[in-house]
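Here is a friendly walk through a protein model, meant to be read with the structure open beside you.

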Amino acid sequence: MASSSTQKPYSTSSSGPTPKPNLDVFLSFRGEDTRYGFTNHLFVSLEGRGIHTFRDQKLKRGGEIDQELLRTLEGSRFSIIVLSERYADSKCCLEELDKVMDCRKERGQTVLPVFYHVNPSDVRKQTWSFGEAFAKHETTVDGEKMQRWKAAMNEATNLGGWHVVKDKESKEMQFTSEVFAKMKNMFAKMKKLRLLKVYYSDQLSLTTEENKLHLPIDFEFPPNKISSLGRVL
């Protein structure tokens with residue numbers, strides 16, 4: 001029998017302190033769609049430029065995320081969600097997406113959606129393959145969880161992002177370079193912010209709540225509008 005509690009089953013650290021980010025990028029993707037193609041290109045491109053990136057090499061089965069993966073996600077500054085044709089088929093991917101959006105709200109994590117060979121409108125409206133996947137899940141998943149998954153997907157889509165259309169592979173490689181260029185600029189801002197924090201921490205007494213230094217934990221980095229490959233409006 002399902003519990004009447006509304007607490008999410010994967011919520012493990014809500015009562016504890018927010019972990020310090022120790023990873024640059026967490027990649028959320030459907031392995032059967034993109035593991036050996038686009039996601040691999042993206043991973044190699046980011047790692048090769050010194051951006052510490054995590055990709056889960058295990059095949060996702062069932063509908064739960066293991067605790068080690070959760071801690072990795074929570075300890076990341078960015079999440080890149082590769083929304084591909086069969087992404088919503090995986091209950092694990094949907095749970096992962098839900099947790100990513102929680103980290104955005106609760107930990108200030110920056111979330112970057114990528115619409116890979118899918119129409120962003122289909123993702124937002126949950127039609128085409130996404131509608132088919134949710135229809136199948138409704139026969140085995142409780143209503144509360146379904147609502148969370150749908151809300152997380154809608155929220156992610158509304159962030160805007162990059163639309164990778166079906167085209168030549170060279171353009172996909174070009175896209176990974178443009179992602180890196182944006183992230184490099186973001187990391188430069190974060191480095192300056194950390195240096196500013198260190199400087200003021202040495203100058204101010206932080207023993208009382210009133211004197212604590214409050215600096216922004218996030219920036220307006222994600223693109224505001226969806227556009228064609230790599231072009232952020």
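Is Val 141 buried or exposed? In this predicted model, Val 141 has a relative accessibility of 13%, and because the cut-off for burial is under 20%, Val 141 counts as buried. You will find Val 141 in the loop between helix 6 and helix 7. Leaving aside neighbours within four places in sequence, Val 141 is in contact with Lys 91, Met 146 and Trp 149.

Moving on into helix 7, we come to Lys 145. Lys 145 also has a relative accessibility of 13%, so this lysine counts as buried. Which residues does Lys 145 touch, once neighbours within four places in sequence are set aside? The partners are Glu 64 and Glu 95.

The axes of helix 4 and helix 7 (residues 143-157) come within 9 Å and cross at roughly 60°, and the crossing is left-handed. On the helix 4 side, the contact is made by Lys 91, Leu 94, Glu 95, Leu 97, Asp 98, Met 101, Arg 104 and Lys 105. Helix 7 answers with Lys 145, Arg 148, Trp 149, Ala 152, Met 153, Glu 155 and Ala 156. Sorted by class, this contact has seven nonpolar residues, eight charged ones and no polar ones.

Some of these names return when we look at the interior. In soluble globular proteins, nonpolar side chains tend to be buried together. Here the largest nonpolar core holds 29 residues, and those touching the most other members are Ile 81, Leu 83, Tyr 87, Leu 97, Met 101, Val 123 and Met 153. Which elements each supply at least two residues of this core? They are helix 3 (67-74), strand 3, helix 4, strand 4 (110-116), helix 6 (128-137) and helix 7. Helix 4 gives the most, with six residues.

Not counting residues up to four places away in sequence, Val 123 touches Leu 83, Phe 115, Val 118, Phe 130, Met 153 and Thr 157. There is also a second, separate core of 22 residues, which includes Phe 38, Val 82, Val 114 and Phe 187.

Now follow the chain to Ser 84, in the loop between strand 3 (76-83) and helix 4 (91-107). With a relative accessibility of 1%, Ser 84 counts as buried. What does its side chain meet there? The side chain of Ser 84 makes a polar contact with the side chain of Asp 33, at 2.6 Å. Beyond the residues up to four places away in sequence, Ser 84 touches Arg 30, Asp 33, Thr 34, Tyr 116, Val 118 and Phe 130. Val 118 and Phe 130 are among the residues touched by Val 123 too.

Finally, let us step back to the whole chain. The protein has eight helices and five strands, and along the sequence they follow the pattern β-α-α-β-α-β-α-β-α-α-α-β-α. Of its 233 residues, 47% count as buried. Among contacts between residues at least 6 apart in sequence, 81% join residues at least 24 apart.

How values were computed: Residues are numbered from 1 along each chain as its sequence is written. This is a predicted model: local features need pLDDT of at least 70, side-chain atom pairs count only at pLDDT 80 or more; totals for chains, interfaces and linings use all residues. Side-chain values use heavy atoms; hydrogens and water are left out. Helices (H or I, at least four residues) and strands (E, at least two) are DSSP runs, numbered from the N terminus. Buried means under 20% relative accessible area, exposed over 50%, partly exposed in between (1.4 Å probe, protein chains only). A polar contact is a pair of N or O atoms within 3.5 Å; within protein, one must be able to donate a hydrogen and the other to accept it, and residues adjacent in sequence count only if both atoms are side-chain atoms. Contact means heavy atoms within 4.5 Å. Axes are lines fitted to C-alpha atoms, for helices over the stretch in contact, and angles run from 0 to 180 degrees between N-to-C directions. A crossing is left-handed if the near helix is turned anticlockwise from the far one by less than a right angle, and right-handed if clockwise. Ala, Val, Leu, Ile, Met, Phe, Trp, Tyr, Cys and Pro count as nonpolar, Asp, Glu, Lys and Arg as charged, and the others, Gly among them, as polar. A nonpolar core is a set of buried Ala, Val, Leu, Ile, Met, Phe, Trp, Tyr and Cys residues joined through side-chain atoms within 4.5 Å.
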